[in-house]
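Welcome, and thanks for taking a look with me. Please have the sequence and the model open side by side as you read.

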Amino acid sequence: MVLNFEQIHNYYERLVFEEVARLTESHPNFTSDMLADVACVALNRLPARYVRHDVDMMFYLTEQERHAIEQSMEEGLAFAFAFVGERAARRLALG
């Protein structure tokens, strides 16, 4: 038997990456490294939800669960942008 785990991924990864990319315009001073850090911090604040197909996840979610996901992503991303921004400002101040 051959095992294939290539389709398995964290459901939040694509969502967080897309949202970080969408929010780059409102954070013009963030470098690509900082944006990668934002994605990491945000993902670490979200629960891991591994799926094979994103469509399966969306199909089985209730409206309440979808809202909870959106809310937790917003909170995680807001925290991550603030955290990474504050760290960068501190590094600059210490020069």
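1. A word on the source before anything else. This is a predicted model, so please read each point below as a description of that model.

2. Let's begin with the core. The largest nonpolar core contains 25 residues, and those with the most contacts inside it are Val16, Val20, Val38, Leu77 and Phe81. At least two of the core residues come from each of helix H1 (11–23), helix H2 (32–45) and helix H4 (63–94). As background, nonpolar side chains tend to be buried together in soluble globular proteins.

3. Setting aside neighbours within four places in sequence, Val16 is in contact with Ala39, Ala42, Leu43, Leu46, Met73 and Leu77.

4. Next, please turn to Asp54, which sits in helix H3 (residues 54–60). Is Asp54 buried or exposed? Its relative accessibility is 17%, and buried means under 20%, so Asp54 counts as buried.

5. What surrounds Asp54? Apart from neighbours within four places in sequence, Asp54 is in contact with His9, Tyr11 and Arg14. With His9 there is a polar contact between the two side chains, at 2.6 Å.

6. Asp54 forms one of them with Arg14, and the closest N and O atoms are 2.9 Å apart. Because Asp54 lies in helix H3 and Arg14 in helix H1, this pair ties together parts that are 40 residues apart in sequence.

7. Arg14 has another partner in Glu18, with the closest N and O atoms of this salt bridge 3.1 Å apart. Glu18 and Arg14 are four residues apart in helix H1, so about one helical turn separates them. Glu18 is partly exposed, with a relative accessible area of 44%, and Arg14 is also partly exposed, at 36%.

8. One more salt bridge is worth a look: Arg66 pairs with Glu63, the closest N and O atoms being 3.5 Å apart. These two are three residues apart in helix H4, which means that about one helical turn lies between them. Arg66 is partly exposed at 25% relative accessibility, whereas Glu63 is exposed at 59%.

9. Finally, a point that links the earlier ones. Through salt bridges that share partners, Arg14, Glu18 and Asp54 are joined into one network.

Definitions and conventions. Residues are numbered from 1 along each chain as its sequence is written. This is a predicted model: local features need pLDDT of at least 70, side-chain atom pairs count only at pLDDT 80 or more; totals for chains, interfaces and linings use all residues. Side-chain values use heavy atoms; hydrogens and water are left out. A nonpolar core is a set of buried Ala, Val, Leu, Ile, Met, Phe, Trp, Tyr and Cys residues joined through side-chain atoms within 4.5 Å. Buried means under 20% relative accessible area, exposed over 50%, partly exposed in between (1.4 Å probe, protein chains only). Contact means heavy atoms within 4.5 Å. A polar contact is a pair of N or O atoms within 3.5 Å; within protein, one must be able to donate a hydrogen and the other to accept it, and residues adjacent in sequence count only if both atoms are side-chain atoms. A salt bridge is a side-chain nitrogen of Lys or Arg within 4 Å of a carboxyl oxygen of Asp or Glu.
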